[in-house]
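Please study the sequence and the three-dimensional structure shown below. The paragraphs that follow lead through a selection of its features.

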Amino acid sequence: MDNWTSHPKPQLKRDSYIILKDNWTLNRMPITMPYPPQSKLSGFNHGVGNVLNYKCTFTIPSTFSKKRILLHFGAVDQLASVKLNGRQIGENEGGYLPFSFDVTDEINRYGENILEVTATDKLDTDYPYGKQSNTPSGMWYTPVSGIWQNVWLENVPDVYINYLGFDVDLNSVGIEVKANKKIENFHLSIQMPDGHTLDKTISGNYGTIKIDNPVHWTCDNPYLYRCNITCDADVVESYFGLRTITIDNIKGINRVCLNGEQIFLHGVLDQGYFHDGLYIPENEDGYDRDILAMKELGFNLLRKHVKIEPEYFYYACDKLGMLVMQDMVNSGEYSFMRDTAMPTAGIKKREDVLLSKDNRRRQIFEKQIKSVTKHLYNHPSIIAYTIFNEGWGQFNSDEMYDLMKDLDKSRLVDATSGWFHQNNSDFDSEHIYFKNKTLKPKERPLFVTECGGYKFMDSDHFFGNKEYGYGSCKTMGDFMRKIEEMYEKMIIPGMNKGVCGCIYTQLSDVEGEINGLYTYDRKVCKVDKGRMNVIKEKLTFA
């Protein structure tokens, strides 16, 4: 397929849009979009400083006949200032979430337009930054800067929908519709599994629809209800899935349940890095391939690690039946001794840093929590969130847990993944490397949210300078035996006592970190698929 041509908002689709992919320069040099300039696919091949000056020329298609034009950005890291035809349009801060501007009054419909974007990226750790490092090595990777997702234009009527929210259970869907102006009603048309269409006009901006003979969303049958929403002259396409994720007491043990049935969360850590595109694959198919490759190995969950993906990734998980545990992106300074070495050695107790409500980093992080939960709320694949990972930037974690649960009561939350637990969380969360230990679940479900990470290199597909991983394996046989031993000795014996899942580290190698199930370029599977599925078959509850 062509690179990055699918609709950038799969849950709010209109026909009238164009992606701005051509005629881009960065610091007056050509660049291939939407790839970050540090990546091979960008074709940039120049130094990247703290300030990046993008420029793009474009014309509006004659098919743009509606009144208003919106300019959308998938993500720009970290600060963005936008001009159109010499006029300042607006600014954005962050790096991982989409933003947009109404440019109706600034755009030239009948001639050339000049778009200028100034991106400033000093890797300011008050902002979320994930695994980016100016000195990449080990588990810290090459940074990305500036624009790293599609920039696109959308033609909309004078009154247009700018938010859809789906509240689902197993038998009904509640839908909230917001527009740029007050609306009196909207019309909902749902395509039902038997082929007929359910139509209903709803007064106001919220309504609940009962679904007869519902088909529930599961990993094996990820059924999506497709729908159209009409508001005034605006029509958008969307979808939802009927599913619940809960913790229920079954035979005296608290279990994670999907649609009321207990499920073992058999997951893999997904860093979301690619050897040629860094923060994005060459095209959207890269996400489909990763998801299907992990399903082929028996996994049912991806822990999306300290990174927010383009929305297509979550759509791919929705349509292909892959659960997602979504991390918030870490901010704050990292200390190897404090955050990794000491807790790995067993020192896993630490009081939270307490930041006041007017602290800049706290305000930015809270804004991230609010924005991410709103942005990803409708995706049935997302069943849990992680707030803090291994103490990286951790502060006021009980308060952040309460904030997240207030925003989204429909999902589970791991407040402190790995160690430095406080009081509030839906899981007891542990990271266990270098050893297999006897797990002793308590009242909450015990989730081993990182484990394994065994180092095994394919020398023909190595993309780093120095090898990094846990332990060392010389052959695939050694690698498989270590993985099997970990499940047999540590995970499986704890399942009937309250172990609810585990996250194997990791989906692929990343740069010098060679503990992936696949090589960094995804060309070589480093494990035996048959033996991995034998492990899967053993992950059942008695």
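A search of the whole structure, which is a predicted model, finds four cavities of 30 Å³ or more. The largest cavity holds about 60 Å³ of space. Which residues line the largest cavity? Its lining consists of Pro343, Thr344, Lys348, Trp419, His431, Ile432, Tyr433 and Lys435. At least two lining residues come from helix 3 (336–344), and at least two come from strand 28 (428–432). Sorted by class, the lining has four nonpolar, two polar and two charged residues.

The next element to consider is helix 1, which covers residues 285–296. Why does the distance between its ends agree with the expected span? At 1.5 Å a residue, the 12 residues of helix 1 should span 16 Å, and its end C-alpha atoms are 16 Å apart, so the two values agree. Within helix 1, the buried residues are Gly286, Tyr287, Asp288, Asp290, Ile291, Ala293 and Met294. An α-helix has 3.6 residues a turn, so residues three or four places apart point the same way. Just after helix 1 comes glycine 298, which takes a positive phi of about 100°.

In helix 5 (397–407), the residues Ser397, Asp398, Met400, Tyr401, Leu403, Met404 and Lys405 are buried. These buried residues of helix 5 pack against helix 4 (360–375), strand 26 and strand 27 (412–417). Glutamate 399 also belongs to helix 5. When residues up to four places away in sequence are not counted, glutamate 399 touches Lys357 and Arg362. Glutamate 399 and proline 136 are 263 residues apart along the chain, and their C-alpha atoms are separated by 32 Å.

Asparagine 396 is placed in the loop between strand 26 (382–389) and helix 5 (397–407). Although asparagine 396 is not a glycine, it has a positive phi of about 35°. With a relative accessible area of 6%, asparagine 396 is buried, because burial requires a value under 20%.

Strand 20 and strand 21 pair in the antiparallel sense over six bridges. Which residue of strand 21 is the bridge partner of isoleucine 247? The partner is valine 256. The hairpin formed by strand 20 and strand 21 has two residues between the strands, and lysine 251 is found in this loop, which joins strand 20 (245–250) to strand 21 (253–258). The phi of lysine 251 is near 55°, a positive value in a residue other than glycine. Lysine 251 is exposed, with a relative accessible area of 81%, whereas asparagine 396 is buried.

Glutamine 191 is placed in strand 15, which comprises residues 185–191. At 44% relative accessibility, glutamine 191 counts as partly exposed. Leaving aside neighbours within four places in sequence, glutamine 191 is in contact with His196, Tyr223, Tyr225 and Arg226. The C-alpha atoms of glutamine 191 and valine 329 are separated by 36 Å, and the two residues are 138 residues apart along the chain.

Finally, the backbone contains cis peptide bonds. Glutamine 78 is found in the loop between strand 6 (76–77) and strand 7 (79–84). The peptide bond from threonine 505 to glutamine 506 is also cis, and its omega is near 10°. Glutamine 506 lies in the loop between strand 30 (499–505) and helix 7 (529–538).

Notes. Residues are numbered from 1 along each chain as its sequence is written. This is a predicted model: local features need pLDDT of at least 70, side-chain atom pairs count only at pLDDT 80 or more; totals for chains, interfaces and linings use all residues. Side-chain values use heavy atoms; hydrogens and water are left out. Helices (H or I, at least four residues) and strands (E, at least two) are DSSP runs, numbered from the N terminus. Buried means under 20% relative accessible area, exposed over 50%, partly exposed in between (1.4 Å probe, protein chains only). On a 1 Å grid over the protein atoms alone, a cavity is a set of points where a 1.4 Å probe fits but cannot get out, and a pocket is an open set with protein on both sides within 12 Å along at least five of seven lines; lining residues have an atom within 4 Å of a point. Grid points are joined across faces, edges and corners, and a volume is the space filled by probe spheres set on the points. Ala, Val, Leu, Ile, Met, Phe, Trp, Tyr, Cys and Pro count as nonpolar, Asp, Glu, Lys and Arg as charged, and the others, Gly among them, as polar. Two strands pair if DSSP finds at least two bridges between them. The expected span of a helix is 1.5 Å times one less than its number of residues. Contact means heavy atoms within 4.5 Å.
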